[in-house]
Amino acid sequence: MCLLSSCCFSHVEENDSIATCLVALTALSSRRADTWYLDSGCSRHMTGDKNWFSSFYDEAISGSVTFGDGKKAKVVGKGIVTAPGIPNLKNVLYVEGLQANLISVSQLSDDFEEVRFNKLRCLVLDGKGKSVMGGLRSKDHCYCVNANDSVSSQICLSSSSTDDTLNLWHRRLCHVNYQDLVKLSTKEGVRGLPKLSGKPTGMCEGCKLGKQTRSSHRVINSMSTSQPLDLMHMDLVGPVQTKSLGGKKYMLVLVDDFSRFTWVKFLCEKSDAFDNFQNLSKMILNEQYSSNKCIVRLRTDHGTEFENASFDEFCNDMGIKHEFSAPITPQQNGVVERKNRVLIEMGRVMLNSAGLAHTFWAEAISNACYTINRVIFRSGTEKTPYEILKGKKPNVSHLRVFGSPCYIYRDREYLAKFDAKSDKGVFLGYSLNSRAYRVYNKRTCSVMETINVSIDDSIVLSHTPCISFDQVLFEREKDDNAAAEGQEDEEASEGIDDTSAIQPVYRTGQQQVHKDHSSSDIIGDVNDGLKTKRQAKRVVSNLSILSCFIAKHQEDISIITFYGFVSVIEPKNAKEALCDVNWINAMQDELSQFARNDVWFLVPRPDSSNVIGTKWIFKNKSDEKGQITRNKARLVAQGYSQVEGLDFDETFAPVARLESVRLLFAIACHLRFILYQMDVKSAFLNGVLQEEVYVEQPAGFIDPIHPDHVYRLKKALYGLKQAPRAWYERLSSHLLDKGYVRGSIDKTLFVKRTSHHLILAQVYVDDIVFGLTSDSLIEEFTNIMKNEFVWQIKLFSWSASPTKE
């Protein structure tokens with residue numbers, strides 16, 4: 001359907017007007033009688049159906065409408081149109097023969113505040129920003145309004161309009177909160193802001209990108225399981241900074257969701273988690289065998305100690321469903337996470353209250369787990385976890401204060417008549433395998449289980465520590481010293497004889513016996529006084545205490561030793577390094593290496609050549625304990641500025657194949673010889689360059705006479721693209737000149753055979769691993785490298801050992 005229309009009015013008389021309308025409309029789809037089209041080329045609203053008018057005025061109007069096929073229609077009158085989806089449209093013309101209902105955009109603009117179009121819909125807004133009419137864009141690219149739409153669709157359009165206005169002002173006010181924006185509009189706190197209401201239905205992308213937080217987790221007040229072992233929560237805690245008395249660093253916590261009964265196992269390494277869980281689950285299943293209960297589900301996080309093939313295989317065999325919490329979402333396994341916090345806090349409180357060393361943390365955690373299973377009600381019930389799982393009320397009459405002093409009956413050793421019958425100790429907890437207490441014996445410095453113990457838990461020891469770490473270390477020695485002093489008191493009371501005035505006494509008689517010896521035959525100093533056993537024991541004890549102190553504080557002594565000679569702070573640039581004398585010395589050492597290897601020489605800056613920048617790299621070198629032992633400064637070239645064909649040509653350098661390394665180990669194992677490692681210092685500085693390469697003077701060490709000069713390189717510099725290749729060519733040519741044969745497949749393997757012996761050398765950049773069938777050849781190989789390069793050699797930490805079939 002195609003219509004061409006235009007409309008104009010001319011007044012003939014006072015009450016007569018002439019209207020001329022030309023209409024343009026293209027609709028590819030079938031026309032609906034209740035559809036009104038919005039037309040920007042139509043100057044007045046018009047329709048051909050008189051039933052639309054709520055009030056009609058039959059006025060003398062002269063005018064006509066010309067259609068697309070040339071036909072004309074007469075304008076009969078005008079009136080007001082009101083429909084469920086149409087607002088109060090005034091001055092709507094009634095045109096005979098017009099098959100479409102047209103709404104003039106210009107007339108809408110005169111009657112209302114705003115007419116808005118986008119690629120999906122059109123909206124008509126009043127002065128308050130409220131939508132009074134809305135339409136959608138049809139498939140034939142026409143904007144139309146369905147007059148008889150339901151109220152819900154109109155509300156949808158209205159809310160869409162409100163959303164658009166709300167979102168617009170939300171963005172204008174720097175993405176302020178929607179609630180605050182509506183409140184500001186309602187309270188009329190500012191001028192120029194239209195009335196806003198409601199909530200947006202969509203999402204603001206900018207707010208999500210800039211304000212998004214973690215999802216909230218609802219609180220579950222009801223039980224999610226119906227019986228014990230339906231769901232088990234498990235987690236691993238650690239590593240703890242201080243090892244326990246048994247050398248443990250981790251603890252495995254398992255919690256039953258229904259009863260909240262808790263089991264704790266202490267581990268040395270994470271890899272022990274599966275074995276401990278397997279044993280613990282079998283023990284739990286045996287305890288619940290009579291009630292036919294079994295573990296149905298197991299929930300853990302995604303730690304590799306839980307998510308592995310061993311756990312999967314065991315769960316499949318036992319019919320256990322292994323569930324995982326979402327990554328980085330411990331709230332989904334919150335039962336065991338909260339239990340971890342409770343156990344750690346209770347253990348911390350008991351340790352500090354009793355004044356015990358941190359090495360007793362495992363005993364404190366075990367005591368806390370034993371107690372909370374018996375004294376805390378399961379939420380939502382009036383039963384303890386022990387009663388829910390075991391079916392009987394727990395007995396707490398045997399519970400004692402952790403860390404209380406106790407006296408341990410010495411029933412495991414032979415006692416003399418007047419020996420003490422008890423040892424002093426510290427109460428630690430309860431045995432899980434027998435009806436006994438766990439105590440720490442101060443005399444033997446060990447943890448033991450016994451029922452023959454007297455615990456005095458009426459004394460509050462919050463301000464007087466029971467036993468510290470130093471007491472644990474030296475208690476045994478202290479007791480031994482005291483025992484030695486008690487046994488030798490009688491000897492000490494006899495005094496010390498003065499032997500300085502002793503003269504040889506010659507005896508006379510029929511038989512002369514020589515009893516006096518010369519001074520050369522006497523061991524020790526004859527002027528020293530007589531030493532009793534107690535004095536000798538005291539000397540040995542003092543030496544032992546000094547040795548223990550040195551062993552305990554060895555790390556601190558090492559740190560103090562190095563602190564006087566190295567810097568512990570790594571500078572970020574050369575400017576910061578030049579403020580520290582230690583780093584200046586390190587930079588001087590690096591430049592001294594350049595001078596010894598004749599790496600470069602100073603030349604005027606060339607006009608047509610590329611000059612590569614240099615940069616200082618600073619790194620603190622540490623030993624196996626993490627202590628800083630040396631400040632290393634290295635000058636590197638900024639190789640990214642090199643130009644292919646000008647600064648470098650070939651950059652490929654062979655790298656040791658893994659198969660060759662395995663072959664070297666196999667040969668060493670078969671021939672049973674030791675492998676050695678040689679490290680060439682500043683290896684790349686030995687590679688000779690074939691290209692003409694220039695670099696800038698290093699920062700902080702610029703020549704004061706020629707500050708604009710640059711260095712031309714003779715040898716390779718770290719950071720250059722051809723540095724590894726230049727070093728390899730230098731090393732390989734040197735070994736080939738000494739009679740070594742390069743491997744035909746792996747070019748980094750060099751072999752030399754003599755009449756009865758074999759030398760193998762594997763090169764990996766600046767590290768060389770070599771082995772020899774004769775120890776006499778070690779000096780030969782080291783001399784070959786020593787005469788050409790600066791090197792360091794150390795014994796490799798691997799050697800072959802014989803095996804039995």
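Strand 19 and strand 23 (residues 453-455) pair in an antiparallel way, over three bridges. Strands pair here if DSSP finds at least two bridges between them. Helices (H or I, at least four residues) and strands (E, at least two) are DSSP runs, numbered from the N terminus.

This is a predicted model, where local features need pLDDT of at least 70, side-chain atom pairs count only at pLDDT 80 or more, and totals for chains, interfaces and linings use all residues. Residues are numbered from 1 along each chain as its sequence is written, and side-chain values use heavy atoms, without hydrogens and water.

Strand 19 spans residues 405-409. Its covered face holds Cys406 and Ile408. Pro405, Tyr407 and Tyr409 sit on the uncovered face. Tyr407 has a bridge partner in strand 20 and another in strand 23.

| Strand 20 (residues 422-430) | antiparallel | five | Lys424 |

Now to helix 6, residues 309-318. Phe311, Phe314 and Cys315 are buried there (buried: under 20% relative accessible area; exposed: over 50%; partly exposed in between; 1.4 Å probe, protein chains only). The face turned away from them carries the exposed Ala309, Glu313, Asn316 and Asp317.

The helix ends have details too. At the start, a side-chain oxygen of Asn308 comes to within 3.2 Å of the backbone nitrogen of Ser310. Just after helix 6, Gly319 takes a positive phi of about 70 degrees.

Key
A polar contact is a pair of N or O atoms within 3.5 Å; within protein, one must be able to donate a hydrogen and the other to accept it, and residues adjacent in sequence count only if both atoms are side-chain atoms.
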